[in-house]
Amino acid sequence: MKLARLVAALGMAMIATTLAVPQAASAATHVPGPPMGLTNVRSYQKAIETWVYWKPVAGASNYLVTVSDGIVTRQYVVAATQKLNAGGQHQLTVSTPNKCSRYRITVASRDAQGQGTSRYVIEKSLAPTSVIKAKAVRSADPTRATFTYSAPQWMGYLGGPTGGATQDDKNNPTMSFTSTAQLVRVSDNKVISTTTDNSNSWTAARSQTFTGLDPQRAYVLKITNSNKWGNCANQLGRILLNPQA
């Protein structure tokens, strides 16, 4: 009888232990949710920095903020106990120093075990991006060709070459903007023509026609867009005109 009672007691203990495991696993699945209200603003005091904001997340012990331009990655850890700003948000200043880079800023909520969920925003470059919708077409006279292209999707920030940055007003643009186009013969890299346009708005597609071209040679129109922050080599537009078929 004593042995039977001992076996029964051990059996109950084993059952109790087994039941406790899924209970703990279930609790572990309640990881912090993603940071809501995540926004980013280029500093109007120092353009090489960006201000990042997000709302507190229930159950988060801290937040891991990762800033990457695809080459350089920086990480910041923000405690959940950090004092909130006047709007009830967490606020962090991160480094975004390259005027030509596009930065991905990811904020991940984390509990004491490092579990959590993330969201990300994109910080755009200070300088403008390349032209879009570009094409080159030879006319019936193969010595004549027309190049057309539209404005960059992003013309950059106001400000420069140092100091803070602010976004331009799309409805009433004030940014000084320069677009330089060079027609280059591919065979010897000779510059055939250079034109420069300056304006504070760019809405319609631009068109340039060249004559006296060699039908058997290829040409490329290189377009450099710049604002007061300058221009970027990685945003150089290239429109290729092939030789006559």
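A: Strands are DSSP runs of E with at least two residues, numbered from the N terminus. The model is predicted, so local features need pLDDT of at least 70 and side-chain atom pairs count only at pLDDT 80 or more, while totals for chains, interfaces and linings use all residues. Residues are numbered from 1 along each chain as its sequence is written, and side-chain values use heavy atoms, without hydrogens and water.

The open space comes first. A pocket is an open set of points on a 1 Å grid over the protein atoms alone, where a 1.4 Å probe fits, with protein on both sides within 12 Å along at least five of seven lines. The largest pocket has a volume of about 540 Å³, which is the space filled by probe spheres set on points joined across faces, edges and corners. Its lining (residues with an atom within 4 Å of a point) has 23 residues, and Pro152, Gln153, Trp154, Met155 and Lys170 are the closest to the centre. Strands β1 (39–42) and β7 (118–123) each contribute at least two residues to this lining.

Next come the strands that pair (DSSP finds at least two bridges between them). An open sheet of 4 strands runs in the order β13-β12-β15-β16, with antiparallel pairing. At its edges stand β13 (190–199) and β16; each has a single partner strand, so one side of each has no neighbour in the sheet. The contact between β15 and β16 consists of 5 bridges, and these two strands run antiparallel. In this pairing Val220 faces Leu240 of β16.

Strand β14 (residues 206–210) is joined to β9 (residues 145–150) by 5 bridges, again in antiparallel fashion. Here Ser207 of β14 stands opposite Thr148. Ser207 and Thr209 make up the uncovered face of β14, whereas Arg206, Gln208 and Phe210 make up the covered one.

The loop from β14 to β15 holds Ala218. Ala218 is buried (under 20% relative accessible area; exposed is over 50%, partly exposed in between, with a 1.4 Å probe and protein chains only), because its relative accessibility is 18%. In sequence Ala218 and Pro243 are 25 residues apart, but their C-alpha atoms lie 4.8 Å apart in space.

The disulfide connects Cys100 with Cys232, at 2.0 Å from S to S. These cysteines are 132 residues apart and link distant parts of the chain: Cys100 is in the loop between β5 (90–95) and β6 (103–110), and Cys232 is in the loop between β15 (219–226) and β16 (237–241). The angle about the S-S bond is -95 degrees, and the link is left-handed. Cys232 counts as buried because its relative accessibility is 4%, and Cys100 is buried as well, at 15%.

Some backbone details remain. Gly160 and Pro161 are joined by a cis peptide bond, with omega at about 0 degrees. Pro161 sits in the loop between β10 (158–159) and β11 (165–166). Asn189, a residue other than glycine, has a positive phi near 60 degrees. Its place is the loop between β12 (177–185) and β13, and Asn189 is exposed because its relative accessible area is 52%. Lys133 is not a glycine either, yet its phi is positive, about 50 degrees. Lys133 belongs to strand β8 (residues 132–138) and is exposed, with a relative accessible area of 68%.

Key:
Disulfide = S-S within 2.5 Å.
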